[in-house]
Amino acid sequence: MNRLLHESARRLKPYRRSAAVIGCARLILTLICLLASIWAQRELQRAGILPSNALFELLNRSDLFLVGSLLTALAACTPLRMQTAWQIGRLAGTLDGNDLGFLAQSDSLWLWSRAIGTRLLMQLLIVLSAVPSLLLGTVAKCVWLTIPPEQDSLLQLMTVLHLGFLAFAAILLPLKCFAASTALPFCFLKAPHESAFRILRSAFQDTRGQTAGILLNRILTIPFMILPFTAVRIIPILLASEQLRCVIARRHREPPLRTPFSGFELHAYDATI
């Protein structure tokens, strides 16, 4: 696996039980959200409120309920996600004493409300970043449907081809936002008093040029997510590796400490009487 995953596993090895509890909590939370979403979708379809092809229709009366459900789930999941990221940072050593002391002295409701606002802003940014790719793909489909079947239409085919390439290239934008969202918990815990925009900016800076590595780590951990026993063990390691990546990025980004003696060499001379 990736060296960051190995380093995270080494750091969490003395705290296997605590890490397993964190992984179990995150796994149970994910399963609850998945089952609740499936149940809500089936109930809405059974009641006729949400048709099977509602995603391809115009706005209907179930949209407000779906948006409210997503916001409620986001608000309900954020406190547990923040607390588990806090404990991961404490066990893996990515949060120093100043960070842990400030978090311990802060009010929980204050932390949770700021975490919900920051995460909501990031999710909104991810949704907006996917709009260009969807628009380009829709325009390419519309142009393709207008091509006459029995005529030579090279111009339309080239237009569809170029729009398809642009739509594929635009996918990189939501992938970049997704990579930045993996650094959001660490950036928030390092500076929860900062504004949400500054925290998001810090998340993008910590993941600059790291999108491919973050996605590779996620892909490498997919086989371990199939079984619950392996998922409980790999989830804390994955979270710790993402925080460790941010720590390394900040060390490389910080300028070297300058002193009045920088650039000079101090020599020790033997004094004889």
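Predicted model: local features only at pLDDT ≥ 70, side-chain atom pairs only at ≥ 80, totals over all residues.

Me: Leaving aside neighbours within four places in sequence, which residues is L189 in contact with?
Reply: Once neighbours within four places in sequence are set aside, the residues in contact with L189 are M82, A85, W86, L95, D99 and L103.

Me: Is A115 buried or exposed?
Reply: A115 lies in helix α5, which spans residues 108-129, and, neighbours within four places in sequence aside, A115 is in contact with T78, M82 and F188. The C-alpha atoms of A115 and F188 are separated by 7.2 Å, although the two residues are 73 residues apart along the chain. Buried means under 20% relative accessible area, and A115 has a relative accessible area of 6%, so the class for A115 is buried.

Me: How far apart in space are G117 and S195, C-alpha to C-alpha?
Reply: G117 is also found in helix α5, where, with a relative accessible area of 35%, G117 counts as partly exposed. G117 and S195 are 78 residues apart in sequence, and their C-alpha to C-alpha distance in space is 9.7 Å.

Me: What is the geometry of the pair formed by the rings of F102 and W110?
Reply: A search of the whole structure finds 1 aromatic pair. The ring centres of F102 and W110 are 6.5 Å apart and their planes lie at 75°. Planes over 60 degrees apart count as edge-to-face, so the pair of F102 and W110 is edge-to-face.

Me: Which accessibility class do F102 and W110 fall into?
Reply: The relative accessibility of F102 is 37%, and that of W110 is 32%. The range between under 20% (buried) and over 50% (exposed) is called partly exposed, so F102 is partly exposed and W110 is likewise partly exposed.

Me: By class, which residues make up the lining of the second largest pocket?
Reply: The second largest pocket, with a volume of about 230 Å³, is lined by A9, L12, K13, R16, A19, A20, V232, R233, P236 and I237. At least two lining residues come from each of α1 (3-12), α2 (16-47) and α12, and α12 gives the most, with 4 residues. By class, the lining has 7 nonpolar, no polar and 3 charged residues.

Me: What percentage of the residues in the protein is buried?
Reply: The protein has 12 helices and 0 strands, and, among contacts between residues at least 6 apart in sequence, 77% join residues at least 24 apart. Of the 273 residues in the protein, the buried share is 33%.

Technical notes: Residues numbered from 1 in each chain as written. Heavy atoms only, no water. Phe/Tyr/Trp six-rings, centres within 6.5 Å; stacked < 30°, edge-to-face > 60°. Buried < 20%, exposed > 50% of the residue type's maximum accessible area, 1.4 Å probe, protein only. Contact = heavy atoms within 4.5 Å. 1 Å grid on protein atoms, 1.4 Å probe; cavity = no way out; pocket = protein on both sides within 12 Å on 5 of 7 lines; lining within 4 Å. Points joined across faces, edges and corners; volume = space filled by probe spheres on them. Nonpolar A, V, L, I, M, F, W, Y, C, P; charged D, E, K, R; others polar.
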